[in-house]
Amino acid sequence: MKNIIAKALFKSHTYPEYRKLVADLLVDGKSTGSEQSESLTNYSKLNDARMNRLDKTIKLTDEIVLKLENLDHRYIWLVISEGWCGDAAQILPILNKMALASNKKIDLRIVLRDENEELMNQYLTNGGRAIPKVIVICKEAGIVRADWGPRPKGASELIANYKKEFGVLDEKIKTDLQLWYLADKGVSVQEELMQIIEDIKYNRL
């Protein structure tokens with residue numbers, strides 16, 4: 001596992017590098033990933049605009065900021081993502097704000113799913129390659145302590161309940177999911193990630 005993580009980190013991007021990569025590909029009418037299609041490029045365009053907005057508007061709660069400023073250890077948050085992924089577009093700006101507030105205790109690194117199959121296969125969700133996936137690494141020891149994703153619990157429950165009732169994931173649930181993220185204002189992501197950090201601190205993981 002250490003080898004797989006090391007290889008992924010070598011190919012990883014900072015948040016600004018990732019944003020630039022997605023934007024540069026869009027200039028050429030492309031999206032990230034091994035599959036190219038008009039729909040994936042359109043999703044990438046929407047996500048690029050969404051992330052621009054969230055970079056400006058997303059706020060961390062005072063409680064989360066205080067916890068981030070007083071972290072005892074250094075972490076790498078290695079995130080598996082793709083530019084066309086709607087959940088990633090909602091979540092990455094929050095992770096970036098958290099890393100920036102951490103006094104350099106959190107190093108946010110992003111890798112593309114399709115370029116890191118070996119890593120992705122270690123972090124499947126119900127057998128699927130769902131993203132984003134956040135891998136929490138203790139920087140000093142170089143050890144993976146936890147993982148999180150692909151979405152907050154409330155959003156996951158929304159999707160699961162819809163699929164149970166209607167048997168499909170259609171355009172309506174995609175809209176409902178975006179509305180859920182809008183109403184949540186990034187609070188669930190902040191709280192769930194900080195809970196993981198606290199669980200690591202007190203050896204509950």
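**Stop one: the second pocket**

The second largest pocket holds about 250 Å³ of space. Select R53, L54, Y181, L182 and K185: of the 15 residues lining this pocket, these are the closest to its centre. A pocket here is an open set of points on a 1 Å grid over the protein atoms alone, where a 1.4 Å probe fits, with protein on both sides within 12 Å along at least five of seven lines; lining residues have an atom within 4 Å of a point. Volume is the space filled by probe spheres set on the points, which are joined across faces, edges and corners.

Before moving on, note that this is a predicted model: local features need pLDDT of at least 70, side-chain atom pairs pLDDT 80 or more, while totals for chains, interfaces and linings use all residues. Residues are numbered from 1 along each chain as its sequence is written, and side-chain values use heavy atoms, leaving out hydrogens and water.

**Stop two: the largest pocket**

Now pick G86, D87, R151, K174 and L177, which lie nearest the centre of the largest pocket, among its 30 lining residues. Its volume is about 970 Å³.

**Stop three: E192**

Finish in helix 9 (residues 187–201), where E192 sits. Show W148, P152 and K153 too: E192 is in contact with them, leaving aside neighbours within four places in sequence. Contact means heavy atoms within 4.5 Å.

Methods:
Helix = DSSP H or I, 4+ residues; strand = E, 2+ residues; numbered from the N terminus.
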